[in-house]
Amino acid sequence: MVQNPGVPLCLIPTTSGTGSETTQAIVVDDPESGTKKAIWDRHVIPQVVIVDPDLTIGMPARLTADTGLDALVHGIEAYTARSTNPVVQAYARECIELVTKHLPVAVKNGKDINARSGMSLAATLGGLAISNGGLGAIHGLAYPLDTVKHIPHGRSVAIMAPWVVDFNRIGNEDTYARIARFLGKDVDNLDYREASQKAVKGIIDLMESVGVSPYLTDHDILASEVDDLAKEAFRVSQRLLPANPRKITEDDAMSIYRAAATPK
Ligand SMILES: [Fe+2]
């Protein structure tokens, strides 16, 4: 909680990912405890935001990929959260479609202003979507990858995304079938179960198209470490798990981490 309004804020993003300039959240690293602390209050919403894609032109390809995948996950989590609503879903859908279309181009050619503009808009819409719709187990379970293993935030959530979506689609297959379509997959002649599997494939395909492996073991994490990481993730992510579309236990977190560790 922030008790009082602070000085007026004008925020100008220079990446296309977190969308934090449009959220009521501030996240800070606490090096002493090795955790991230979140402040969530309407008083931290800025009065003015200037989103200028020209300011993102200089981002290296790796940073473009990592931050852009964060925006993708914001769209997916806000669209599917228990706390979502139709207005949030409109923002989230547009966010997912923009990332699918523009991220591979922005990574390949950072000077492509059309792709950079698409990604700036995607990040802005993703920020609005999570600020009003919430997040879920993808961000929740990725916490220790950020804080313990020091993997950049966007890459961390992207690695967990296919495996959490594969878990979440059970009981929510129609929702994830729509996500598959937003990710550019043809699901016209598939039933909901098959179509929802395409959402997992769509995320993996997009990640691989920008050079990010969906497997923990490709990010210097040993298979023998994943159970401890899963336990830590479940412990620290209780704030985010209630909004996840499927109830998740510590055993589930362990299964998700093991799936993420094993190339199929
Ligand atoms: Fe994020």
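Which residues touch the most other members of the largest nonpolar core? Hold that thought for a second, everyone, and keep in mind that what we have on screen is a predicted model.

Here is the reply: Cys95, Met160, Ala161 and Val164 do, in a core of 76 residues. If you want to know which helix gives the most to this core, look at α2, residues 86-108, with ten residues.

Helix α1 covers residues 61-80, and it packs against α2 at an angle of about 160°, the two axes being 8 Å apart. Angles over 145 degrees count as roughly antiparallel, so α1 is roughly antiparallel to α2. Their crossing is left-handed. On the α1 side, the residues that meet α2 include Ala61, Ala65, Gly68, Leu72 and Ile76. On the α2 side we find, among them, Val88, Ala92, Ile96, Val99 and Leu103. Cys95 is in that contact too, and you will remember Cys95 from the core. By class, the contact between α1 and α2 has 15 nonpolar residues, five polar and one charged.

Next, please turn to α4 and α5. Helix α4 is residues 137-147 and helix α5 is residues 153-168; their axes come within 8 Å and cross at roughly 130°. The two helices are therefore oblique to each other. Here α4 passes α5 in a right-handed crossing. From α4, the contact includes Ile138, Leu141, Ala142 and Leu145, and from α5 it includes Val157, Ile159, Met160, Ala161 and Val164. Ten nonpolar, three polar and one charged residues make up this contact.

Let's zoom in on Met160. Leaving aside neighbours within four places in sequence, Met160 is in contact with Ile138, Leu141, Ala142 and Ala260.

Is Leu216 buried or exposed? It counts as buried, because it has 27 C-beta neighbours inside 10 Å, and the cut-off for buried is 20 or more. Again leaving aside neighbours within four places in sequence, Leu216 is in contact with Ile159, Ile221, Val226, Ala260 and Ala261.

Now for a residue in that loop with another setting. Asp220 is also placed between α7 and α8, and Asp220 counts as exposed because it has 10 C-beta neighbours inside 10 Å. Asp220 has a positive phi of about 60°, although it is not a glycine. His150, in the loop between α4 and α5, has a phi near 60°, again a positive value in a residue other than glycine. With 11 C-beta neighbours inside 10 Å, His150 counts as exposed.

Helix α6, residues 173-182, packs with helix α7, residues 192-209, at an angle of about 50°, and their axes are 7 Å apart. That makes α6 oblique to α7. The crossing of α6 past α7 is left-handed. In α6, the residues that meet α7 include Glu173, Asp174, Tyr176 and Ile179; in α7, their partners include Tyr192, Arg193, Lys198 and Gly202. By class, this contact has seven nonpolar, two polar and four charged residues.

Conventions: Residues numbered from 1 in each chain as written. Predicted model: local features only at pLDDT ≥ 70, side-chain atom pairs only at ≥ 80, totals over all residues. Axes fitted to C-alpha atoms, helices over the stretch in contact; angles between N-to-C directions. Helix = DSSP H or I, 4+ residues; strand = E, 2+ residues; numbered from the N terminus. Parallel < 35°, antiparallel > 145°, perpendicular 65-115°, else oblique. Left-handed = near helix turned anticlockwise from the far one by under 90°. Contact = placed C-beta atoms within 7 Å. Nonpolar A, V, L, I, M, F, W, Y, C, P; charged D, E, K, R; others polar. Core = buried A, V, L, I, M, F, W, Y, C linked by C-beta atoms within 7 Å. Buried ≥ 20, exposed ≤ 12 C-beta atoms within 10 Å, placed from the backbone.
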